[in-house]
Amino acid sequence: MTESNVETKLVLFIHGGGDNGYQADAMLAASLQRELGAAYNVRYPQMPDEPTPDFGWGRKIGDEIAATDGELLLVGHSLGASMLLKYLSENEIQNRIGGIFLTATPFWTGDEDWQKGLALRDQFARTLPRGVPLFLYHSEDDKEVDVSHLDIYVAKIPQATVRRIPSGGHQFGNDLALVAQDIRDLK
C-alpha cells in the first residue's frame, strides 16, 4: 500500500536483447512509469546472458513472475516480448495476469542454431493464459524487427488487439504512452 492507502498495480517490463538492451530500453521503462503514474509500479529487471539456448531468460522471467503477489501486468520489448510469449505458452502461471503488452516482437523461426532456444512451439497460441487481454504493438518504420513479424503474430493470435503505429522505429521514439493508455483502459 502506498501512503494514500491505494494499492499500486505491478507491471513487469522485460527489455530487449543485444549488447546494450537493458540500457537502451531503460528510457522505454521510464516512459511507461511516467505515463502510468503513481498508481503503477514498473519493475524493470536486467535479464541474464547465460550460455543456454534461451540465454537464461526463461528462468529469470519465471522467477520474476513467481516473486509477485496479486495481479501482474506484463510488458515486453523486442526479444523480451518474444521471451514473454515463449514463457507464457510453455509454463503454467499461478499468478493472475491482468494483461500482456508486446512491443516490436520478433518471430523467431529457429532456422539458425542460435535461434532454436527462442522459437515458439507450433501451436503456442493455444497454450497462452486464457481470458487475458493481449496487445501487439509495432512501428511500421521499425528497422530492427520488420513489421512483417507483426503480420505473423496477427495470423497466429487472432484474439490479440493490434496497434500498428506509423512511426517511432524500434524504440517507439522512447514513448510508450499508447501502451500506458491501454493498460489504464483495462477493466
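**Close-ups of a predicted model**

At 0% relative accessibility, alanine 104 counts as buried (buried is under 20% relative accessible area, exposed is over 50%, and partly exposed is in between, with a 1.4 Å probe and protein chains only). This is a predicted model, where local features need pLDDT of at least 70, side-chain atom pairs count only at pLDDT 80 or more, and totals for chains, interfaces and linings use all residues. Residues are numbered from 1 along each chain as its sequence is written, and side-chain values use heavy atoms, with hydrogens and water left out.

View A. Alanine 104 sits in the loop between strand 4 and strand 5 (helices are DSSP runs of H or I with at least four residues, strands are runs of E with at least two, and both are numbered from the N terminus). At 24% relative accessibility, phenylalanine 55 counts as partly exposed. For background, most residues other than glycine have a negative phi.

**View B. Serine 78 lies in the loop between strand 3 and helix 3 (79–90).** With 10% relative accessibility, serine 78 counts as buried. Its side chain makes a polar contact of 3.1 Å with that of histidine 170 (a pair of N or O atoms within 3.5 Å; within protein, one must be able to donate a hydrogen and the other to accept it, and residues adjacent in sequence count only if both atoms are side-chain atoms). Leaving aside neighbours within four places in sequence, serine 78 also touches others, including Gly16, Thr103 and Ala104 (contact means heavy atoms within 4.5 Å).

View C. Strand 5 and strand 6 are joined by 5 bridges, and histidine 138 has arginine 164 in strand 6 as its bridge partner.

**View D. Helix 5 (residues 177–185) has the buried residues Val179, Ala180, Asp182 and Ile183.** Looking down the axis of helix 5, these buried residues fall within an arc of 160°, so they line one face of the helix (the arc is that of the directions from the helix axis to the C-beta atoms). Among the elements covering them are helix 1 (21–36) and strand 4 (97–103).

Methods. Two strands pair if DSSP finds at least two bridges between them.
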